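Hi everyone, thanks for coming. I'd like to walk you through one model today, so please have a look at it with me.

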Amino acid sequence: MTSGDGHYYIPEGSPWPIVATLGVLLLTSGVALTVNDVGGGGLFIIIGLLTMIYLFYAWFSDVIHESMSGYYNEEVDRSFRQGMIWFIGSEVFFFMAFFGSLFYIRVISGPWLGGEGWLGLSNMLHEGFKFTWPLSIQPEDVAQAAGAPEKYMDVKEPMGAWGIPALNTLLLLSSGATVTWAHWGLKKRDNRQLVLGLILTVTLGLLFVAAQAYEYGHAYHELGLTLNSGIYGSLFFMLTGFHGFHVIIGATMLIVILLRAMKGHFSPEHHFAFEAVAWYWHFVDVVWLGLFTFVYLI
Amino acid sequence: MSTTAVAEEHHGAPSGLKRWLFSTNHKDIGTMYLIFALVMMFTGGALAMLIRAELFMPGLQIMQPDIYNMILTDHALIMIFGAVMPAATGLANWMLPMMLGAPDMALPRLNNLSFWLLPAAAALLLTSMVLPFLPGGGAPVTTGWTLYPPLSVQSGMGMDFTIFAIHLLGASSILGSINIVVTILNMRAPGMTMMKMPMFAWCMLFTALLLIIVAPVLAGGVTMLLFDRHFGTSFFDAAGGGDPVLFQHLFWFFGHPEVYVMLLPAIGVLSMVIPTFSRKPLFGYKALVGGLIFLFSLSLIVWAHHQYTVGMSPLATEYFMIMTIVISIPVGLMILNFLMTMWRGAMTFETPMLYAISIVIMFSFAGVTGVMLAVVPADMEYHDTYFVVAHFHYALLPGALFGLFAGVFYWLPKWTGHMYDEKLGKIFFWWNIIGFNLTFFPQHFVGLAGMPRRIVDYSPQFAEINMLSSIGAFIFGTSHLLFLYIVIKCIRGGEKAGDMPWEGAKAGTTGLEWELPSPPPFHSYTTPPVVR
């Protein structure tokens, strides 16, 4: 079925799902080989990544073409919307795993390791260890005889909340406002406001990424805060890292939307792609607020 | 329930390999899911046969301990992620659009992606199994499907392939679930309200919702594992302030709902089969929907009953014990509904119905051993014994696999247009469940006597019962060859099946699936029918 005859649009057979499968298979097995220092993994990763980049370009080109040809009726549009909402829902639970781990370590297992609570007797593993947050002296250190090799490094100074993290909060919150302003422009057919709003949003997002990259360098070189510096470093980089990764994805999608907006693809009635990306952007925003509160502030 | 517009044939099926590789058709993708599940069932089954051959007698028979542990790990992963879940998704793919009066699944291309991720994941998993036999391939994955650290952090390269396989399986589940949820919420024909939907659709809805919630958490957990293995983090290492029990919480937050992910599709099949062969509407439709919501919510807040022995606080274990026992309320409600549907019905006993009745009995049995295991002081004794193995095989074979068998027999005539061989079906049923009970029933006793699970050797006092169990397993395992034969025979021909091959189906909680001819046209409902 190809026409926009009012039926629910069922696409013709498409090669992209199977190309996607090959791409992720190459990528994952490449990573698995590389982390085990087996040769050839790097090549797999490069081919896999190129496949995935081409795939996203090709798959979304198809979708954009179908959308511009008017194949999508209201019901298809609703399917897309609901699909995106559930996808973001699953992403929320992905982040819940890391936030949950943070709470578990801080509230339950950390204090136990430090000798508090009824199970504090596990403290005998690391006698004299006191649990503090952010954790700077690792449990292995207190029990270790002088001169033994260390597995985890100590943190010289924890990451402060004010300064760049606070600035980042401001950047992301403003980008949420500018994307909404762009949406207002779209709804009243003001393409200039739409494009300007999107350019501002992308700029703010990229500034955020740049500031975060600078902050990582600062953490590694001056604070002694790395992936290797115990559970604080592990959680810090896992949470902010996955968030940063999502910001990069979001910004990439925003750039695509910006290019489409410049071509005049969107109308006040028909702009699911814009809204999906805006929802995603707000989601990334909300995750950052959680991060700022629980990782940096308290 | 009557319909106006019937399906119109729009396009024929595309021909050749492209039809399958590039498919956007819910029936073709459903078929691929089912075939994949069947292949995986035989793979996982072969591993199970190796396990039982090894345990035939005390002492080492055919393999080294670490290979034994790898085989039981992959048996579980393949059966859960490769056989049961894809088979359930396959049934949903085939039946949901037909039941709800939709032209296809809501997002057809995504549907194909969620299928093709599965063979990729299987390839990664098989790589992890082959690696230990290659030079430089590292130690095998010996952790069991639970992948607990610290052992999983210390394992060889195979563990990384297993972790990525789980990532792909999770992605496939999430995308497939999104598709199922959107199809049910958005693609119903006019007049097909939520409360008119066949119960199978309700069950698949909750299955999919559970997966959307829990699969990402597992993805997060195994990602942390990967980082602990290779990037120096200390999530699960107390020396760096982490906690190995954290992984158990993350895993079982996924792992417990996963049990319901496997069970609910079978409950859905039973809710179609039992009314059909009792020739009565489903008893207590609304109560069953309520029970599903109850079960769905409970399943997300009871996970730590798998971890009573790791040393949680008494308050936490008490909470998890009480909530776990509460689960018997919605499960009991389902059993009651099924029994009351059969009550005074004009029952006949075709193969799907035989399975349905045996499931009600055997799954209730698993429910009873489940309550025993839920009680903390009792579980301290049962934990990690064969009693647990017997319990969850009684839960997952009747509660999932046999439900899928019932569904396949029930819908095969619809899919193929031919009746399956009823006589062979019945032979298969008896062969199958006698073998099953012979395998797993005795394991309760060795478990209570203290035989630990996941260990290649055992004390000679358990020899007789283990030999019995192994003989049962060989009977059980070979029975599936007959299943394969029946399915192939039915596809190739047989007595012609009508649009509604089961005359009792009218009385059941049917949707629109019987309005279509058998076999149904390539596209189900191009114009949505109107349900009055």
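**Loops, cores and a contact**

Let's start in a loop: Pro150(B) sits between helix H4 (108-130) and helix H5 (151-154) of chain B. Helices here (H or I, at least four residues) and strands (E, at least two) are DSSP runs, numbered from the N terminus. Before going on, a word on the model: it is predicted, so local features need pLDDT of at least 70 and side-chain atom pairs count only at pLDDT 80 or more, while totals for chains, interfaces and linings use all residues. Residues are numbered from 1 along each chain as its sequence is written, and chains are lettered from A and ligands numbered from 1 in the order in which they are written.

Back to our loop. The peptide bond from Pro149(B) to Pro150(B) is cis, with omega near 5°. The loop between H4 and H5 of chain B also holds Leu147(B), which is not a glycine and yet has a positive phi of about 55°. Is Leu147(B) buried or exposed? Leu147(B) is buried, with 24 other C-beta atoms within 10 Å. For the cut-offs, a residue is buried if 20 or more other C-beta atoms lie within 10 Å of its own, exposed if 12 or fewer, and partly exposed in between, with C-beta atoms placed from the backbone.

There is another cis bond, from Ser518(B) to Pro519(B), with omega near -10°. Pro519(B) is in the segment after helix H16 (463-492) of chain B. Asp384(B), also not a glycine, has a positive phi near 60°. You'll find Asp384(B) in the loop between helix H13 (376-382) and helix H14 (386-416) of chain B. Asp384(B) counts as partly exposed, with 14 C-beta neighbours inside 10 Å. As background, most residues other than glycine have a negative phi, and most peptide bonds are trans.

Now over to chain A. It has 8 helices and 0 strands, and its C-alpha trace spans about 75 × 45 × 35 Å along the principal axes. Of the 298 residues in chain A, 38% are buried. The domain assignment, automatic or from a database, gives domain 1 (1-72) and domain 2 (73-297). Their C-alpha centres lie 26 Å apart. Each of domain 1 and domain 2 of chain A puts 5 residues into the contact, where two residues are in contact if their C-beta atoms, placed from the backbone, lie within 7 Å.

How many residues does each chain bring to the contact between chains A and B? Chain A gives 57 residues and chain B gives 62 residues. On the chain A side, helix H1 (16-35), helix H3 (74-113), helix H4 (139-143) and helix H7 (230-262) each supply at least two residues. H3(A) gives the most, with 21 residues.

Last, the nonpolar cores: sets of buried Ala, Val, Leu, Ile, Met, Phe, Trp, Tyr and Cys residues joined through C-beta atoms within 7 Å. The largest has 247 residues, and those with the most contacts inside it are Val84(B) and Leu100(B). This core draws at least three residues from each of domain 1 (1-72) and domain 2 (73-297) of chain A. A second, separate core of 7 residues includes Tyr9(A), Ile10(A), Tyr71(A) and Phe80(A). As for Val84(B), leaving aside neighbours within four places in sequence, its contacts are Met79(B), Met262(B), Ala400(B), Leu401(B) and Leu404(B).
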